[in-house]
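Here is a friendly walk through one model, from its core to its sheet and its charged pairs. Please keep the viewer open as you read.

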Amino acid sequence: MSNSVKNPEEIQAPELWKQALAALKQRINPHNYDMWLRPIVCLSVEDKQLNLRAPNRYIKEWFEDNYLPVVLQELKNQGNEGYSVQLE
């Protein structure tokens, strides 16, 4: 019988990002969520670094300036401590 609760280290990249987004969607204005967070995709997780891609430079910079601390805090709230984010 398998345990349904996954260790954060075992969660795959897209799932880790989806969990963070689902929690943030409840806290962020829907327009802001759709504009600044939804377009960002998770490419991979390597050595506790979440590698994300923004569709353009404007969204990348806005995310880094306004939402990066919120995302890192949400990862921490989910038990994923020590993660960093690299955005391209």
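The largest nonpolar core has 23 residues, and those with the most contacts inside it are Trp17, Leu37, Ile40, Leu50, Leu52 and Phe63. A nonpolar core here is a set of buried Ala, Val, Leu, Ile, Met, Phe, Trp, Tyr and Cys residues joined through side-chain atoms within 4.5 Å. At least two residues of this core come from each of H1, H2, S2, H3, H4 and S3, and H1 gives the most, with five residues. These labels follow DSSP runs numbered from the N terminus: helices are H or I runs of at least four residues, and strands are E runs of at least two.

A word on the basis of all this: the model is predicted, so local features need pLDDT of at least 70 and side-chain atom pairs count only at pLDDT 80 or more, while totals for chains, interfaces and linings use all residues. Residues are numbered from 1 along each chain as its sequence is written, and side-chain values use heavy atoms, with hydrogens and water left out.

Which residues does Ile40 touch, not counting residues up to four places away in sequence? They are Trp17, Leu52, Arg53, Ala54, Ile59, Phe63 and Leu87, where contact means heavy atoms within 4.5 Å.

Now to the strands. Three of them form an open sheet in the order S1-S2-S3, with mixed pairing. Strand S1 (41–46) and strand S3 (84–87) stand at the edges with a single partner strand each, so one side of each is left without a neighbour in the sheet. On average, neighbouring strands of this sheet are turned by 25° against each other, direction ignored; axes are lines fitted to C-alpha atoms, for helices over the stretch in contact, and angles run from 0 to 180 degrees between N-to-C directions. S1 and S2 pair in the antiparallel sense over five bridges, pairing being assigned if DSSP finds at least two bridges between two strands. In this pair, Cys42 of the model stands opposite Leu52 in S2.

Asn51 is found in strand S2 (residues 49–53). Is Asn51 buried or exposed? Asn51 counts as buried, because its relative accessibility is 13%; buried means under 20% relative accessible area, exposed over 50% and partly exposed in between, with a 1.4 Å probe and protein chains only. Beyond four places in sequence, Asn51 touches Val41, Cys42, Leu43, Ser44, Glu46 and Gln86.

Next come the charged pairs. Side chains of opposite charge can pair when their charged atoms come close. The structure holds five salt bridges, each a side-chain nitrogen of Lys or Arg within 4 Å of a carboxyl oxygen of Asp or Glu. Some of them are listed here.

| Pair | N to O distance |
|---|---|
| Glu74 and Arg27 | 2.6 Å |
| Glu64 and Lys60 | 3.0 Å |
| Asp34 and Arg38 | 3.2 Å |

Glu74 forms a salt bridge with Arg27. Glu74 lies in helix H4 and Arg27 in the loop between helix H1 (13–25) and helix H2 (30–37), so the pair ties together parts that are 47 residues apart in sequence. Glu74 counts as buried, at 7% relative accessibility. Leaving out residues up to four places away, Glu74 touches Ala20, Ala23, Leu24 and Arg27.

Glu64 and Lys60 are separated by about one helical turn, because they are four residues apart in helix H3 (residues 57–66). Glu64 is partly exposed at 29% relative accessible area, and Lys60 is partly exposed at 23%. In the remaining listed pair, Asp34 is partly exposed at 37% relative accessibility, whereas Arg38 is exposed at 53%.
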